[in-house]
Amino acid sequence: MAKVHVFDHPLIQHKLTFIRDVNTGTKEFRELVDEVATLMAYEITRDLPLQEVDVQTPVSNAKSQVLAGKKLGIVPILRAGIGMVDGMLKLIPAARVGHVGLFRDPETLEPHEYFVKLPSDVSERELIVVDPMLATGGTAVEAINSLKKRGAKHIKFMCLVAAPEGVEVLTEAHPDVDVYIAALDEKLNDHGYIVPGLGDAGDRLFGTK
Ligand code: URA
């Protein structure tokens, strides 16, 4: 079964408060999402495997550690996921970046992919799928279906704010995908917005309405 991790680091929680605030404008919102994405990248990479190497210091030889194991990939779900990419790349600059775009059929409300571009070695990478919001879970489930269809095997999902409904849908559909969130909110409202949430993440990031 998938594990759900809530990042309770004080800096993440502090910054998230200002991200939520309706009075935070686009520029500051974007900067804060970028900063929180950096902090979350630090937390989500906590269990990366290491291997011992020898390094010559100015004083003597030392046994030290470097990252080992799979290379990383970051996959933002368009469009709001893009707001989290640069912040993550500050800590993991060698990660490749794929993109997944989905639209919701206005009749059936089912998500359909319209754009998928991934690193060619996707099956060998540890992928972190990012979207600021996990609301109904439909988009996240479909995005991960798209990745698995193309060979992805090692996937984590990371978001700022999640609704319990979305967490349940995602973990049931993809029990092999651990979920990393900054805040688990109360519920979804009738319009599919997370309560209390932060509003429309894409609009607030890009200054659209
Ligand atoms: N997407 C958003 O941007 N905000 C929500 O509250 C739910 C989905």
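Two strands count as paired if DSSP finds at least two bridges between them. Strands, in turn, are DSSP runs of E with at least two residues, while helices are runs of H or I with at least four, and both are numbered from the N terminus. With that in hand, Phe157 has Val179 in strand S11 as its bridge partner.

Before going on, the basis of all this. The model is predicted, so to speak of local features we need pLDDT of at least 70, and side-chain atom pairs count only at pLDDT 80 or more, while totals for chains, interfaces and linings use all residues. Residues are numbered from 1 along each chain as its sequence is written, and side-chain values use heavy atoms, with hydrogens and water left out.

Let me start with the sheet around S11. Strand S10 (residues 154–162) and S11 run parallel and are joined by six bridges. Right-handed here has a set sense: with the strands pointing away from the viewer, the path from the first strand over the helix to the second runs clockwise.

Strand S1 (residues 4–6) also runs parallel to S11, and three bridges join them. In that pairing, His5 stands opposite Tyr180.

Is S11 enclosed or open to the outside? Six of its seven residues, within 178–184, are buried, so the rest of the structure largely encloses the strand. Buried means under 20% relative accessible area, exposed means over 50%, and partly exposed is in between, using a 1.4 Å probe and protein chains only. S10 is mostly covered as well, with eight of its nine residues buried.

Next, helix H4. Together with S9 and S10, H4 makes a right-handed β-α-β unit. How far apart are the end C-alpha atoms of H4? They are 16 Å apart, which agrees with the 16 Å that its twelve residues should span at 1.5 Å a residue. The expected span is 1.5 Å times one less than the number of residues. Buried residues in H4 include Ala140, Val141, Ala143, Ile144, Ser146 and Leu147. Just after the helix, Gly151 has a positive phi of about 105°.

The largest pocket holds about 680 Å³ of space. It is lined by 26 residues, and the closest to its centre are Arg104, Asp131, Met133, Ala135 and Thr139. The method works on a 1 Å grid over the protein atoms alone: a pocket is an open set of points with protein on both sides within 12 Å along at least five of seven lines, a cavity is a set where a 1.4 Å probe fits but cannot get out, and lining residues have an atom within 4 Å of a point. Points are joined across faces, edges and corners, and the volume is the space filled by probe spheres set on them.

Which elements supply at least two residues each to this lining? They are strands S4 (72–78), S6 (99–104) and S9 (133–134), and helices H4 (138–149) and H6 (201–206). By class, the lining has 14 nonpolar, eight polar and four charged residues. Nonpolar covers Ala, Val, Leu, Ile, Met, Phe, Trp, Tyr, Cys and Pro; charged covers Asp, Glu, Lys and Arg; the others, Gly among them, are polar.

The second largest pocket has about 260 Å³ of space. Of its 14 lining residues, Leu48, Leu67, Lys70, Lys71 and Leu72 are the closest to the centre. That lining has nine nonpolar, one polar and four charged residues.

Last, some single residues. The peptide bond from Leu78 to Arg79 is cis, with omega near 0°, and Arg79 lies in the loop between S4 and helix H3 (85–91). The bond from Val195 to Pro196 is also cis, with omega near 0°; Pro196 sits in the loop between strand S13 (194–195) and H6. His99, in strand S6, is partly exposed at 27% relative accessibility. Ala62, in strand S3 (residues 61–67), is partly exposed at 22% relative accessible area.
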